[in-house]
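Hello,

Here is the structure we talked about. Please open it alongside these notes.

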Amino acid sequence: MNAQTETNSRELTYSEAIREAMDIALGNDERVILMGEDIGVYGGAFGVTGDLVEKYGTDRVMDTPISELGGAGVAVGAALTGLRPIFEFQFSDFATLGMEQIVNQAAKLRFMLGGAVSVPVVMRFPAGSGTGAAAQHSQSLEAWTAHVPGLKVVQPSTPEDAKGLLLAALEDPDPVMIYEHKLLYKMKGPVPAGHYTTPIGKAAIRREGRDVSIVATAIMVHKALEAAETLAREGIDAEVIDLRTIRPIDRDTVLASVRKTGRLICVYEGVKTLGVGAEVSAMVAESDAFDFLDAPIVRLGGAECPIPYNPQLEKAVVPQVPDILDAARGLTKGRI
Amino acid sequence: MPELPDNVPYAIRTYSPERLRDAFLKMHLIRKFEEGAENSYTRGLIHGTMHLSIGQEASAVGACMSLTDEDKITSTHRGHGHCVAKGADVEKMFAEFFGKETGYCKGRGGSMHIADPSKGNLGANGIVGGGLPIAVGAALSAKRLGTGAVTVCFFGDGANNEGAFHEALNMAAVWKLPVVFVCENNKYGMSTSIERSTAVKRISDRAAAYAMPGVTVDGNDFSAVTEAVDQAVAHARAGEGPGLVETLTYRWRGHSKSDRNRYRTKEEIADWQSRDPIVAMARLLVDHHIVSEDEIAAVEAEATTIIENAIAAASAAPDPKVEEATRDVYTALILDEGTPA
Ligand SMILES: Cc1ncc(C[n+]2csc(CCOP(=O)(O)OP(=O)(O)O)c2C)c(N)n1
Ligand SMILES: [Mg+2]
């Protein structure tokens, strides 16, 4: 990370921060191209690419046909042979159509070829619920790609990290999948100007605390921080850890926190079972941090169903602040 | 019906005045449904998205003319029109659009998933191209089970660049299945024009690669759509295999709830609006003395009333219960982690 001072940092939205990262990358490196559906004149379904096509032209900001399998594969092939493509899936749900190229090709080519090649492709996945777009446009499937050795998977929760992780992904020789929660696109936060990277594989402690560790991803980081404020008024001191990367996961930060607090809540939007929370819980259970636990681990994740359309139902099936409050109060009841 | 000369349009020669009047009513119902949906959205009553098919009514209704309730359709994200054309109840459609328990999907699906299996509508789809292989599967069932049913598969010009399109057409042809692929070519997949996305000029040219008949028609001409699709349906029903019909049409509104139209010109939009399929249908029916000028206005008024009543009833319907959010994931509940703590 190059030295950044507070003074050259401005307030940007999460999507502006991503756009700035792509702008810097396109400006600095001829090998960088953007590919995706409606990322040119339309500016992207969520406006993330914006007017970059006007600055860099349609040869470098390429609208693909509606061909996720082919498009992702072209990005993989281009990355294999000298380009640095940033491929946008219009919604992360549509990456299901591109899974072959992600899972069988991008993730494995280096290994299968005995290290003779690398695939420096970056893929962006707008993910998550909350937009009323129902079951096929609201999923949180990051655990799918995080299950595949050969891929790196990040979930930035702030504008600063959205930019820094994208620039880090571009410098990474291996395929990096970036899951961007759609409800974060409009969120503002300080973003350093110029080029910097946020390390892949490193969690961030967003709030220090003594009583309970809340390990969260993406939008849940903000819900956890909101809950932590309320808990503080009740005398419960929560530590909030933003995982940021789910493969490779930052064991050290999580385990150190659990050793300190003795209580763990893991909160994420993906379906609860067989997700990020299972991995975090197992990490603790398999380590000496287990001995420090004063209470059972709590996982808060998405309900065991597709995301419903009706807004009340849509809200009810993913963890909300009151769910985190209840869990923290339950874990600390009568003990602090 | 007495034989009519060939210079009389196909639809007039083929369908009774009652069927034609009903088709005209359905076209109005689609237009009014879409306007009602748009209005509800603008008034902030909808949390979600929608894709309006204003301007494409002749294609939806024309393609369903020779289908019975046993015949199936698969639809798309822009599916309200197909749904009405296949005989859906607009009140249940609005209820779904408003996320109500009384909606076609009990409020779980919304605009992009409205389906009516009782009328053979296997559903809209949130995935571009998602319905294509499903339509082939429905045709496989019909053939194996000997039901005589035909499946009409609606999809857009954008969908023809998905692998699913090519795989589906090939299997349909290899297995000679009773399915008719209806590509509603409205020139754009979201912002990407067919010229910028598609290697062939006419999507119907792609039929040749799968050894099936392919034809392109004016999708705003109800009779032309009906003639082409009816012929393909008859062919499929007779066991002669699949066909592809491309209907050239245009969506008047933006891609989804809003859209800055930066990929097309005002002139282009105005040009297509001057070829309103509903106006053309009215002219067809009046010219051939199917309905009088007075009746034309009456049909529109009837559609307006039906839609107003549907919106009122659907708005007053109950929401689904939050405790039942995980219902219907499986036929029998095998795993209940419930909603978050
Ligand atoms: C697999 C997949 N990719 C992308 C999208 C996003 N998307 C929804 S509709 C659409 C355009 C579809 O164009 P077309 O098939 O021509 O249908 P039209 O919208 O014109 O009716 C796109 C890109 C999607 N829903 N599914
Ligand atoms: Mg189209």
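**A surface leucine, then the sheet**

Keep in mind that the model is predicted.

Where does A:Leu113 sit? The residue lies in the loop between helix H5 (109-112) and E5 of chain A. A:Leu113 also belongs to a nonpolar surface patch, together with A:Phe111 and A:Met112. The accessible area of the three together is about 370 Å².

Now the sheet. Chain A has an open sheet of seven strands with mixed pairing. The order is E3-E2-E4-E5-E7-E6-E12. Strand E3 (61-63) and strand E12 (245-247) of chain A are the edges, each pairing on one side only. From one strand to the next, the twist averages 20 degrees.

Look next at E5 and E7. Strand E5 (residues 122-127) of chain A runs parallel to strand E7 (residues 176-181) of chain A, and six bridges join them. In one of these strands, E7(A), A:Glu180 is the bridge partner of A:Pro126.

Two helices of chain A to check against the sheet:

- Helix H1 (residues 14-28) packs on the sheet and touches strand E2 (32-36), strand E4 (84-88), E5 and E7. The direction of H1 makes about 135 degrees with that of E2(A).
- Helix H3 (residues 68-80) packs on the sheet too, touching E2, E4 and E5. The direction of H3 makes about 160 degrees with that of E4(A).

Over to you.

Best regards

Conventions:
Residues are numbered from 1 along each chain as its sequence is written. Chains are lettered from A and ligands numbered from 1 in the order in which they are written. This is a predicted model: local features need pLDDT of at least 70, side-chain atom pairs count only at pLDDT 80 or more; totals for chains, interfaces and linings use all residues. Side-chain values use heavy atoms; hydrogens and water are left out. Two strands pair if DSSP finds at least two bridges between them. Helices (H or I, at least four residues) and strands (E, at least two) are DSSP runs, numbered from the N terminus. Axes are lines fitted to C-alpha atoms, for helices over the stretch in contact, and angles run from 0 to 180 degrees between N-to-C directions. Contact means heavy atoms within 4.5 Å. Patches are made of residues with over 30% relative accessible area and no salt bridge: like charges are joined within 9 Å, nonpolar side chains (Val, Leu, Ile, Met, Phe, Trp, Tyr) within 5 Å. Accessible areas come from the Shrake-Rupley method with a 1.4 Å probe; for residues, only the protein chains shown count as cover. A salt bridge is a side-chain nitrogen of Lys or Arg within 4 Å of a carboxyl oxygen of Asp or Glu.
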